[in-house]
Amino acid sequence: MRFSTVLTTVAAGLLSTSAIAADLPRRSAPPVFTPVPVFAWTGAYFGINAGYAYTESDTLRTVGIGALQANVVNDLRRPAVPLAQDGFSAGGQVGYNFQLTPGSGVVFGLEADAQYMDLQRSRTETIFRPAFNPNILTNTYRADLDFLGTVRGRIGYAFDRVLVYGTGGFAYGNVSQGVTFQTAAPITYAGSRSQIETGYAYGGGIEYALPTDSFLNFFRSSAVTIKGEYLRYDLGSRTLLVASTGGPGVGYNVTSRTEGAIARAGINFKFGTY
């Protein structure tokens, strides 16, 4: 009798324990941790730019050859003529960046660009100084830089999606110049030239990477970046011979320098590492 009572008690205890265990909540699976990708500037890119260009050295200086220097001294041919040039610029660029450490870190790369420059300008002066010459003189000056290209290195520091950089390297462009000095027919002095000149360019800027799903991401690139940039260029100086086209005399030497700056904004489409 006692033995059956013990068995009954043990059985009741086991059933009670099973019921309590069934009521306990089940353990859920541990959450899966998905790391957020860290942005890196490494990768190739291409884009477009537009901005404002202007000259920083825009004075044409004239020296007469031999006896013709007297005309410069007497202001029949201006010794120094300012010919300011400014206008818009528009073009494109391609390049590649490499970032040493993702997130924040040093970034360096190489970029090539080319742009149209709205810098064609001309100036005409009518001079009448009867004390030195009885004729009405006409002096016409023309200058142009119709395109500019550069191949530059870039180095900067990235604060995650913000890149601050400096840049510098090779520059080239098509430089045109023309000068005409008219006097009494048939004597006219004229000279012109147009050719590719080379020099250097340097500057700096700031660039920001938009989210990948930006509405500007037309090409489904890994990132779209926007930038503001200042670039200064110098293609050197040259001397143009403005020679006589009739009558006596040799002519004049007119010296000019092609240098200026571009302030522009741009957009790049980046392909490569996130």
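This is a predicted model: local features need pLDDT of at least 70, side-chain atom pairs count only at pLDDT 80 or more; totals for chains, interfaces and linings use all residues.

Me: In what sense do E9 and strand E10 pair, and over how many bridges?
Reply: Strand E10 takes in residues 223-244, and one point of reference is Tyr208, which has Ile226 in E10 opposite to it. The pairing of E9 with E10 is in the antiparallel sense, and the number of bridges is 13.

Me: Where does Asp75 lie, and what is its phi?
Reply: Asp75 belongs to the loop between helix H2 (69-73) and strand E3 (80-82). Although Asp75 is not a glycine, it has a positive phi of about 65 degrees.

Me: Is Asp160 buried, exposed or partly exposed?
Reply: Asp160 sits in the loop between strand E7 (137-159) and E8, and its phi is positive, near 60 degrees, in a residue other than glycine. With a relative accessible area of 35%, Asp160 is partly exposed.

Me: Which strand supplies the largest share of the lining of the largest cavity?
Reply: A search of the whole structure finds two cavities of 30 Å³ or more, and the largest has a volume of about 190 Å³. Of the 20 residues that line this largest cavity, the closest to its centre are Gln85, Ala143, Ser256, Arg257 and Thr258. Strand E2 (59-64), E7, E8, E10 and strand E11 (251-271) each supply at least two residues of that lining. The largest share, four residues, comes from E11.

Me: How many residues of the lining of the second largest cavity are charged?
Reply: The second largest cavity holds about 40 Å³ of space, and its lining consists of Trp41, Tyr45, Asn97, Arg154, Glu207, Thr225, Asn268 and Lys270. When these lining residues are divided by type, two are nonpolar and three are polar, while the number of charged residues is three.

Me: How many residues apart are Arg121 and Asp86, whose side chains meet in a salt bridge?
Reply: The side chains of Arg121 and Asp86 meet at 3.8 Å, N to O. Arg121 is partly exposed at 24% relative accessibility, and Asp86 is also partly exposed, with a relative accessible area of 32%. Arg121 lies in strand E6 (residues 121-127) and Asp86 in strand E4 (residues 86-99), so that the pair links distant parts of the chain, 35 residues apart.

Me: Why does the salt bridge of Arg154 and Glu111 tie together separate parts of the sequence?
Reply: The side chains of Arg154 and Glu111 meet in a salt bridge at 3.9 Å, N to O. Arg154 is buried, with a relative accessible area of 4%, and Glu111 is buried too, at 1%. Because Arg154 lies in strand E7 and Glu111 in strand E5 (residues 104-117), the parts that the pair ties together are 43 residues apart in sequence.

How values were computed
Residues are numbered from 1 along each chain as its sequence is written. Side-chain values use heavy atoms; hydrogens and water are left out. Two strands pair if DSSP finds at least two bridges between them. Buried means under 20% relative accessible area, exposed over 50%, partly exposed in between (1.4 Å probe, protein chains only). On a 1 Å grid over the protein atoms alone, a cavity is a set of points where a 1.4 Å probe fits but cannot get out, and a pocket is an open set with protein on both sides within 12 Å along at least five of seven lines; lining residues have an atom within 4 Å of a point. Grid points are joined across faces, edges and corners, and a volume is the space filled by probe spheres set on the points. Ala, Val, Leu, Ile, Met, Phe, Trp, Tyr, Cys and Pro count as nonpolar, Asp, Glu, Lys and Arg as charged, and the others, Gly among them, as polar. A salt bridge is a side-chain nitrogen of Lys or Arg within 4 Å of a carboxyl oxygen of Asp or Glu.
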